[in-house]
Amino acid sequence: MGRGIRRLKALGLLLTEKEARARGSLLASWNQNLASAQYHVACRDVRVLVGNREIGRYMRKRVASEPAPALGKHYSRGARVELSERGSRPPDAVSFDRVLHARRTVRRFSRAPVALSDLAALLRGTWGKTGERVDAFLGRVATKTSPSAGALHPIECYVLAWNVARLAPGLYHYDVAANELRRLKKQSRAEARRIAVSCASGQRWVGGAAFLCVMSAVFGRTLWKYQVESAYRVLWLEAGHLAQTFALLATARGLGAFGLDGLQDSFVESQIGLDGIREFPVYLCGAGAPAEGPPS
């Protein structure tokens with residue numbers, strides 16, 4: 001009996017009265033948010049492999065023995081929109097320090113359309129490849145402007161566009177390998193705008209922008225290497241990295257950018273055709289011509 005109690009105490013499942021009085025209640029501190037508390041506790045203090053021998057053994061046994069996940073999704077049907085690299089740099093030389101200080105969340109937009117070259121630069125600069133490298137265990141992996149755990153890049157990008165010059169309104173998927181948009185649904189400007197607002201939980205100001213990017217996560221890519229409880233939170237960390245890159249690139253081009261986590265998961269999944277398990281939405285970001293001119 002005593003041995004069992006000591007074992008439970010060592011695992012942190014039992015506390016002495018003194019320890020219990022000293023420790024604050026997680027549920028009480030977090031307003032009874034059970035889901036957040038459970039997630040927080042499950043992701044804490046995960047064991048990390050640090051020795052080369054230990055890492056090599058794990059990679060050979062648990063990772064390299066399984067087929068590598070695809071580097072990105074590819075849709076074989078739908079109109080293709082090639083994204084030229086012309087105009088990939090901002091029209092004026094802008095210092096990085098100025099861009100950092102100019103970045104603001106924008107919610108008021110003019111009716112001026114966004115140039116297709118600007119959208120192309122944002123997609124390529126945020127989600128596109130900057131190169132490739134070969135890893136001894138992972139094989140060929142892509143490099144991008146934002147960091148990704150294990151260079152696995154689980155985030156996909158879908159674009160709802162309704163006010164982009166020379167781009168038909170509709171729903172598109174950004175194909176990283178081909179650096180092109182593949183149209184999934186042809187829609188009217190009003191319909192694409194309405195769907196974007198619904199994706200953003202009815203926040204009507206989103207419809208004043210020119211396009212909305214939906215970031216989805218293919219969790220299997222991350223789980224291929226990181227089979228631990230904390231792998232789930234990596235998805236939102238990576239979405240945050242990408243959203244910041246997107247915002248800075250948009251600011252450098254004189255566009256007003258925003259990010260949103262208040263999305264309607266089931267509605268977004270139904271519009272894109274995601275199953276909500278193997279792939280699910282995690283974040284929204286978009287941009288348009290700001291109403292008061294370029295952010296400053």
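Is Leu14 buried, partly exposed or exposed? Leu14 is partly exposed, at a relative accessible area of 35%. The points below take up this residue and others in what is a predicted model.

1. **Overall make-up.** The chain has 296 residues, and 42% of them are buried. Its secondary structure comprises 11 helices and 9 strands. The C-alpha trace spans about 75 × 45 × 40 Å along its principal axes.

2. **A nonpolar patch that includes Leu14.** Leu14 sits in the loop between α1 (2-10) and α2 (17-22). Together with Ile5 and Leu8, Leu14 forms a nonpolar patch on the surface. The accessible area of these three residues together is about 220 Å². A residue needs over 30% relative accessible area to be part of such a patch. Leu14 clears that cut-off because its value is 35%.

3. **A positive patch that includes Arg62.** Five residues gather here in a patch of positive charge on the surface: Arg53, Arg57, Arg60, Lys61 and Arg62. Arg62 belongs to helix α5, which covers residues 52-63. The relative accessibility of Arg62 is 39%, so this residue counts as partly exposed.

4. **Salt bridges in the structure.** A search of the whole structure gives 10 salt bridges.

5. **Arg80 and Glu82.** Arg80 is partly exposed, with a relative accessible area of 48%. Glu82 counts as exposed, at 60% relative accessibility.

6. **Lys129 and Glu132.** The side chains of this pair meet in a salt bridge at 2.7 Å, N to O. Lys129 is partly exposed, with 34% relative accessible area. Glu132 also counts as partly exposed, at 37%.

7. Arg133 forms a salt bridge with Asp135, with 3.8 Å between the closest N and O atoms. Arg133 is partly exposed, and its relative accessible area is 39%. Elsewhere, salt bridges with shared partners join Arg80, Glu82, Glu180 and Arg182 into one network.

8. Most residues other than glycine have a negative phi. What is the phi of Ala151? Ala151 is not a glycine, yet has a positive phi of about 55 degrees. Ala151 lies in the loop between β3 (139-143) and β4 (155-161). His153 lies in the loop between β3 and β4 as well. His153 is not a glycine either, and has a positive phi of about 45 degrees. Are these residues buried or exposed? Ala151 counts as buried, at 12% relative accessibility. His153 is buried too, with a relative accessible area of 9%. The cut-off for buried is under 20%, so both values fall on the buried side.

9. **Phe109 and Val206.** Phe109 is found in the loop between α6 (96-102) and α7 (116-127). Phe109 counts as buried, because its relative accessibility is 13%. How many residues separate Phe109 and Val206 in sequence? They are 97 residues apart in sequence. In space, their C-alpha atoms are 9.2 Å apart.

10. **Leu122 and Thr245.** Leu122 is in helix α7. Leu122 is buried, with a relative accessible area of 0%. Leu122 and Thr245 are 123 residues apart in sequence. Their C-alpha to C-alpha distance is 8.8 Å.

11. **Strands β8 and β9.** Is β8 mostly covered or mostly open? Strand β8 (residues 256-260) is mostly covered, with 4 of its 5 residues buried. β8 runs antiparallel to strand β9 (residues 279-288), and 5 bridges join the two. Ala257 has Ala287 as its bridge partner in β9.

Methods. Residues are numbered from 1 along each chain as its sequence is written. This is a predicted model: local features need pLDDT of at least 70, side-chain atom pairs count only at pLDDT 80 or more; totals for chains, interfaces and linings use all residues. Side-chain values use heavy atoms; hydrogens and water are left out. Buried means under 20% relative accessible area, exposed over 50%, partly exposed in between (1.4 Å probe, protein chains only). Two strands pair if DSSP finds at least two bridges between them. Patches are made of residues with over 30% relative accessible area and no salt bridge: like charges are joined within 9 Å, nonpolar side chains (Val, Leu, Ile, Met, Phe, Trp, Tyr) within 5 Å. Accessible areas come from the Shrake-Rupley method with a 1.4 Å probe; for residues, only the protein chains shown count as cover. A salt bridge is a side-chain nitrogen of Lys or Arg within 4 Å of a carboxyl oxygen of Asp or Glu. Lys and Arg count as positive and Asp and Glu as negative; His and the chain ends are not counted. The place of a charge is taken as NZ of Lys, CZ of Arg, CG of Asp or CD of Glu.
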